[in-house]
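Hello,

Here is the structure we talked about handing over. My notes on the helix packing and the chain contacts follow it.

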Amino acid sequence: MDQLLQHGLNALILGGTYALLGIGLTLIFGIMRVVNFTHGELYSFGAYMMYACVMLAGANFFVALVLAVVLGIFLGAAIELVLLRRLRGADIDTTMLVMIGAWIALQNTEQLAWSGVAKSIDNPFPATPLVLGPVSVSWNRLFVFVVALALIVGAYALINRTRLGKAMRATFQDRDTAALMGVEIGYVHTATFAIGSGLAAAAGALLGPVFVVYPTMGDLASLKAFAIVILGGLGSIPGATIGGFILAFMEELGAGYISSGFRDGMGFLLIILILLVKPTGLFAQKERIG
Amino acid sequence: MKLWATIAWLAFLFSVPLWMGDLYVLHILIITGIFIIAAMSLNLLLGYTGQLSLGHVAFFGIGAYTSSLMSLGFEVHLLPNWLVKLEPKPVWLGMLTGIALAGACGWVIGKVSFKVRGAYFVIVSVSFAEVVRLVALNWVELTQGPMALNNIPVLRLGVPGWFEFAFLRKPANYYLVLVAAILSYVLIRRLVSSRAGRAMIALRENEPLATSVGVDVTRYLVLATMIAAAMAGAAGALYAHYVRIVDPDVFLFIYTVTMVIMVVAGGKGTLAGPIVGGLIFGLLPEVLRAAAIKPEVQWVVYGVLMILVVYFLPEGIVPAVRNWWQGRARREAAEPPAGRPAAEAAR
């Protein structure tokens with residue numbers, strides 16, 4: 001029972017960052033109709049920026065975190081402006097191929113810049129874990145969870161409360177009508193990609209100090225983000241949030257009770273099962289997705 | 001004319017081992033040929049039915065593992081007290097089993113996943129490949145996991161007691177791959193010009209319309225997936241018995257991406273596309289390596305090339321060259337070479 005509680009707590013904490021990844025990807029897909037294969041690269045970009053700031057430049061941990069997210073936002077905006085801007089209106093396969101190309105190029109640039117050796121990042125938190133009755137959790141992970149929750153709440157607020165969020169929702173519902181009503185679609189797309197990328201970079205910057213940082217770390221992150229987004233229904237933000245937690249629980253329980261080797265396989269099994277049973281995902285909004 | 005060109009091409013391809021003394025070049029050609037077979041099979045799905053399968057390497061790997069395991073024999077506990085044992089079988093039987101099993105997997109994937117299209121199909125196929133890779137990595141009793149399957153026997157063909165030929169040396173393997181590639185090419189060519197092929201193209205162009213005139217969508221998509229999977233499995237089996245070592249890395253996503261680049265750059269939905277793309281992207285790494293360029297840079301070049309191809313040659317190289325050629329021919333036919341009357345008048 002204690003073991004189950006501990007697994008549950010681990011899953012809850014991991015789920016926060018998974019949800020961040022999923023929300024970013026689902027925003028980009030929902031609004032731009034782009035299957036973003038560079039999502040995982042933004043995740044590893046965030047982690048590497050964290051490494052560069054904390055370990056190489058000696059910056060403060062929290063300043064580095066903010067900086068990594070901001071740089072992620074800029075990189076996302078740059079990718080949108082350079083690669084996707086001219087492909088607006090192209091079919092989904094075309095943009096997908098471009099994003100695959102960008103993903104390969106980015107990942108190998110990373111490999112060149114940082115070498116393939118895994119890096120670890122120091123954190124300023126006490127090494128002794130926080131013990132809560134039968135379970136314990138490290139301070140670092142607790143911090144990750146709190147920041148992830150804050151960012152999720154921030155993303156919801158941005159989408160539901162601001163003018164930009166309103167423009168994003170309008171574009172999601174009907175791009176052409178939104179454009180006719182004066183929504184600047186190009187701006188919305190750039191902002192969406194930048195925000196989604198920033199969330200992925202935040203997830204990487206948060207998890208980098210928990211695990212280690214290596215160039216191909218983004219691949220699994222991408223695939224897991226796809227799993228989360230499909231689970232929740234492509235384009236659904238609440239679905240991605242809940243999907244992130246569901247995937248984390250499945251992985252944690254699968255690793256704990258079945259076999260740790262198949263931990264990363266749970267997500268893919270989940271995708272296949274979901275698509276067999278309910279192809280639109282668990283929480284799909286009105287279907288507008290082909 | 002066309003017949004003669006074909007014969008000349010075949011004669012050239014068959015003569016390569018006779019004058020090519022460099023065994024390393026031959027090795028590159030063999031590996032490239034195997035990837036061209038895989039790319040042709042992917043082209044059947046991506047180019048003719050319009051479905052992007054990003055898990056194609058799964059079928060390649062299934063063919064490779066099945067064929068290797070059949071020819072090596074294995075002992076595996078399916079349940080703690082249920083031991084399944086297989087004596088080593090001849091390689092040709094292993095290869096056929098590999099092809100059949102890959103085809104069967106393709107049939108299952110086609111059946112279950114063609115409920116979904118577009119982005120969903122892409123992600124299902126990626127997930128399938130990843131699950132298969134994890135099985136190969138973690139089911140150590142069967143697959144040796146990361147320790148890899150070693151000492152895979154080479155293909156031996158012959159009549160028992162009369163003669164036997166082992167495909168041990170590179171020229172022999174070159175001919176084996178060449179014949180397999182020609183067979184695959186002919187098969188795809190016949191398939192796409194048949195009734196089934198026309199149905200597939202109709203689906204790619206306009207699925208609701210095709211359905212409305214009575215094309216059985218699922219049936220033809222499943223057929224295409226099954227044939228493509230079996231062909232990729234054949235490529236995998238050839239690979240396993242040529243390289244003679246198979247590890248879970250054959251399932252790496254990057255190989256699927258290589259196949260996709262070959263098809264897209266060469267021209268999806270054309271017969272020659274995967275061959276042209278396969279030759280370019282099969283030989284390019286060697287050229288880059290000869291220029292002492294690091295593999296990471298090579299992959300960056302791949303990625304950038306892929307983006308450039310999508311921007312500037314969205315149809316691929318083969319259709320672009322064909323259009324340019326036909327356009328030139330048409331221009332020449334339309335306006336007789338300018339300036340000649342004037343020149344004649346002057347003379």
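In this predicted model, H2(A) passes H4(A) in a left-handed crossing. The two helices span residues 39-56 and residues 92-114 of chain A, respectively, and their axes come within 10 Å and cross at roughly 20°. With angles under 35 degrees counted as roughly parallel, that makes H2(A) roughly parallel to H4(A). On the H2(A) side the contact is made by A:Glu41, A:Ser44 and A:Tyr48, which meet A:Trp103, A:Leu106, A:Gln107, A:Glu110 and A:Trp114 in H4(A). By class, this contact has four nonpolar, two polar and two charged residues.

H4(A) also turns up between the chains. There, 35 residues of chain A are in contact with 33 residues of chain B. H4, helix H9 (217-232) and helix H11 (265-277) of chain A each supply at least two residues of the side that touches chain B. The largest share, 15 residues, comes from H4(A). That side of chain A divides into 23 nonpolar, nine polar and three charged residues.

Within chain B, helix H2 (residues 23-49) and helix H10 (residues 217-243) pack with their axes 9 Å apart, at an angle of about 170°. Angles over 145 degrees count as roughly antiparallel, so H2(B) is roughly antiparallel to H10(B). Residues of H2(B) in the contact include B:Ile30, B:Ile34, B:Leu45 and B:Tyr48, and among those they meet in H10(B) are B:Leu221, B:Ala228, B:Met231 and B:Tyr242. The contact has 20 nonpolar residues, three polar and no charged.

Regards

Notes:
Residues numbered from 1 in each chain as written. Chains lettered and ligands numbered in written order. Predicted model: local features only at pLDDT ≥ 70, side-chain atom pairs only at ≥ 80, totals over all residues. Axes fitted to C-alpha atoms, helices over the stretch in contact; angles between N-to-C directions. Helix = DSSP H or I, 4+ residues; strand = E, 2+ residues; numbered from the N terminus. Parallel < 35°, antiparallel > 145°, perpendicular 65-115°, else oblique. Left-handed = near helix turned anticlockwise from the far one by under 90°. Contact = placed C-beta atoms within 7 Å. Nonpolar A, V, L, I, M, F, W, Y, C, P; charged D, E, K, R; others polar.
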